[in-house]
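The reader is asked to examine the structure before reading the solutions.

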Amino acid sequence: MKLSRQFTVFGSAIFCVVVFSLYLMLDHIDHSKNPNGERIQKVSTVLRLSIHYHLERLLAENNEIIGNIRDSVINLRETVKDGKMFPEGNMSQGDLELLPPAPALLPIHSEDCQFAARTYSKAADGVQMLDVYDLLSFDNPDGGVWKQGFDISYQDNEWDNEPLQVFVVPHSHNDPGWLKTFDDYYRDQTQHILNNMVVKLHEDSRRKMIWSEISYFSKWWDNIDEQKRDAVRRLIESGQLEVATGGWVMPDEANTHYFALIDQLVEGHQWLERNLGVKPKTGWAVDPFGHTPTQAYLLRQAGLSNMLIQRVHYSVKKHFASQKTLEFFWRQNWDQDSSSDILCHMMPFYSYDVPHTCGPDPKICCQFDFKRLPGGRISCPWRIPPQAITDNNVQERAQTLLDQYRKKSKLFRTNVLLAPLGDDFRYTEAVEWDQQFENYQKLFDYMNSHPELHVQAQFGTISDYFEALRKSTGMDPVGMNVGQLALPVLSGDFFTYADRDDHYWSGYFTSRPFYKRLDRVLESHLRAAEVLYSLTLANIQKYGQPNDYPAVDNYKLLTEARRNLGLFQHHDAITGTGKDWVVVDYGTRLFHSILNVKRVIVSSAHWLVLKDKQTYYHDPSNPVLQMDDVQPAQDALPRKIIFEFFTVPRLLVVYNPTEQARMSMVTVYVTTPKVRVLNAVGHVVRAQVSAVWNDLMVFIPRQLSFVAQAAPLGLSVYQLMEGMEPRTEAAKYMILQDGRQISISELEHFQQFYQQDAAPVHIENPHLKLSISTATGLLEKMSLKEDDSEHLIKVEFVWYGTTSNKDKSGAYLFLPDKEATIYSPSQPPVVRVTKGPLFSEVTTTFTHITHTLRLYNIQGVEGQSVEICNTVDIRGETNHEIAMRITSDLNSKDRFFTDLNGYQVQPRKTLAKLPLQANFYPMTSMVYLQDSSARLSLLTAQSLGAASLKSGQLEVIMDRRLNQDDNRGLGQGVLDNKITANSFRLLLEKRSSAEETFLKMLLNHNSHCNSGVAPYSYPSILSHMSYMYLNHPLISMAVSQRSESPSLTPYSPLSASFPCDMHLVNLRAIQSKVPALILHRKGFDCGFSNRNTALLCTTTRGKVKQITRLPTHRHTSLIYRGVAYISPKDCLTWLWG
């Protein structure tokens, strides 16, 4: 004790000396003798405030640490007094079963806070998209032949010293589903394109072609003979055929989560490596409706050096063209060097079809799309058809085309020009190959044989173009040095896309939300299945190969699920922009894959928890474990399975798919309210029994809930027994309508409670208290118990209609008629209040929405946020979109933040100069707003469109029903709505007082210096974890009544939780055996409270030590030997074994 006091005094003395020295340094600056004294004084003031901030923060941390030490000493003293150094039953079968108590304050290393706290400094030559949006007027004057641009002129002698190099890149954009299903497109068009490709490219070695979608290519490959496969390999080796990007699909970039983006990219690249031995070098994305830097980062991490994008706001394209910044190094917002850079080409014109790719005049360019020759099935809308090239017209035609090439080249900084040649499903027939390649070759031959034209034109691949571009600027062939002629560095994203007028493509952020949610369910279950499968294979090596474990069959199921999930990332699938029957096809694939990965989960979990491995058997028709829910059809919501009790207890296996130990709620349906829950060491677990409702009707099954303790990636075992148990308590209910209380006679086993007046209903837990209107059942106020602060947090629902103009909202476009109107149901809603020991909730039933607010009575992550569930049904509506609006008292002004693909957060600014629909952005995982003292985050379990149209306000579109097409090619409205469940977590966090002071100082300093807000932001650790808990819930499996009750034991593969900021993205088996470990270190904001998270993890400055204690297939340890360092935001992959 004396030694501890000495250390404390010594540490405090050093701390005081350092503080005093810093103040002396500042006081000795003589401002009067320096000509820049005023500026130094300002810097000194900022530095002084910065020191104040850091000192307050250190003191606050110091106080909290001392408080934790004091509490720990008290707890230790009590434990020693009782003669117990460890909680009883802490270990079972050598595995951690009961989790140790978590520290009151989450230990975060100070170095881990530096990444998010860095001062933003914009590069001198940098282009930041937030600044571009501030700069542009977003008007749309007539630009002449280039309607959305400007007139382009040039001097004939500009290329005398350096000829123009033109690369014409033939391509065929094959949507894996849109107006037809994937299989129908393949049968009718794609297979013929690829068959003709092999023949026609071999006819002339000067011909080139690029291909992108591996989903189609692999299907075709499986149906061709070895002779044709060899011919394809020769075309690739000769450079005539290039595979660009190499993903399973060309993914949407707004609604997709980075897990699925990585997975479809890995699936495509693995296929290419196995079958063709190639690695893509260049990305090709001509059709996604807006572009994300997350995709740029992933492509760079996958080894690609270049990329191309097309669908960018027409005003941005015009601005970039005028500044000659259409080619740039795309850098991540958070990257302060060039480690994430990738060279990017932005196509300048309206579309990727031939009329909009040779130059600025589509009327002329269309004349060089030789598929449109007279007599064909398509023609030029400008009514000037192409001419077949002959000796008589080749001079005039070549000069006309060259004029367009030259004008287009004036928009770029080099004399290397890209001219794509293709469109949707082009080159289906052999005649089109001849029309395009033969006529263009005649034009090239003429141009190249006339030196006075100063042009060299040829067919090329996209990498041919980038290779020439890099050579012309003195750049490294694959590196990111700027070269002799510097290209700009750009940071930011390209949302929200508009192709003309006020036609913003923000509707597809929400269209078909039922399937957006289904996508996320498959992602979560696929990841769980991948991890369990890999762990099972590793575990089998320890115990010996079982005869029955279906390793090969499970791998086939995983592969099919990966590919179905990958297919759904296509930019007309997850976007909700396909024909009705195509959506059903996608949904059926997702549905079947969910069923299949559940089979992998239960068969793998069975092996891992089985005490006697020799008794393992696999019976697909009667599995030992069964999931606790079932989805009856692809367009139906899942429902819980009812567990019955007979003569023996029911065993329940609970899987934690997250890499940190956690305490979370598990809910199952049982036939009796008299249930006892025991953990694996026989301790009774506190439980809550609740009623199962349908409006005002109570059903026979009961809802049993308890808090499960789960080791990281571990499997816990619980026992459910029928019988009276004091620790299993029934919930209490109050039913209200129009502020009046209703008595329900059927509430057997449950009590009703009442309150005397129409005052708001309150539900609370150790962290939060909610105030809810008895009339509307909607949230009005939220109180944080940590500091006794009360905040206005108001939830309401609103309607949007569609404009009366010719162009109306559809699957792609959001064109509202006016600002939203408040949702007012025709009759007062029924409000049901549930109060129980483990959770309390308020469920409000409106005509179109069933809205539930739930608070978990759990110390930790799940107890610190409000769970919001909205079941939406607008099937009877006409041209209506329904949104949830959350209004708070936070002074966020015109700023808010949305995530990009669940990977990073992008600051947003609501611009009054833009129409309402332009201020909606994609929300894949979260949206938040903040002021200097607090942050309000809405975490989501599905991708939707979000906005902050007023200060302190968040809005999320939940479903859309639209009766007409929006003239973007789909040819139908959105009328196939389902009953859709949307899930969210609402998290209110207070900044620490030191953080608040520092943030106010920085905002004030920035306003005086006229500098912008940093173009990045980070969630807190609590926000990251809350999102993980929402999207990766515990998975419950019961031992089947039909099987003999096996002896089960908990399974814990990890020796400890992963670091708090480290996420196991996947443990993905490659070719059925070797697993790929994908880790992501998350950036986080340390400025929020880390109290009472109940997390058993720390941060480790990016160092990853031992990961797991299991053997792999080669009997080597599945750990990273030594220490690996992962930078913040990095996503890295290792192959094990």
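Two exercises with worked solutions follow.

This is a predicted model, in which local features need pLDDT of at least 70, side-chain atom pairs count only at pLDDT 80 or more, and totals for chains, interfaces and linings use all residues. Residues are numbered from 1 along each chain as its sequence is written, and side-chain values use heavy atoms, without hydrogens and water.

**Exercise 1.** Determine how many cavities of 30 Å³ or more the structure holds, and describe the largest cavity.

*Solution.* A cavity is a set of points on a 1 Å grid over the protein atoms alone where a 1.4 Å probe fits but cannot get out; its volume is the space filled by probe spheres set on the points, which are joined across faces, edges and corners.

Step two: the largest cavity contains about 280 Å³ of space. Its lining (residues with an atom within 4 Å of a point) comprises 28 residues, and the closest to the centre are His 257, Tyr 258, Gly 902, Tyr 1027 and Lys 1082.

**Exercise 2.** Describe the second largest cavity by its volume and by the residues closest to its centre.

*Solution.* Step one: about 150 Å³ of space lies in this second largest cavity.

Step two: 13 residues line the second largest cavity, and Met 129, Leu 130, Tyr 133, Arg 908 and Tyr 921 are the closest to its centre.

Step three: helix 4 (129-135) and strand 42 each contribute at least two lining residues, where helices (H or I, at least four residues) and strands (E, at least two) are DSSP runs, numbered from the N terminus.

How values were computed:
On a 1 Å grid over the protein atoms alone, a cavity is a set of points where a 1.4 Å probe fits but cannot get out, and a pocket is an open set with protein on both sides within 12 Å along at least five of seven lines; lining residues have an atom within 4 Å of a point.
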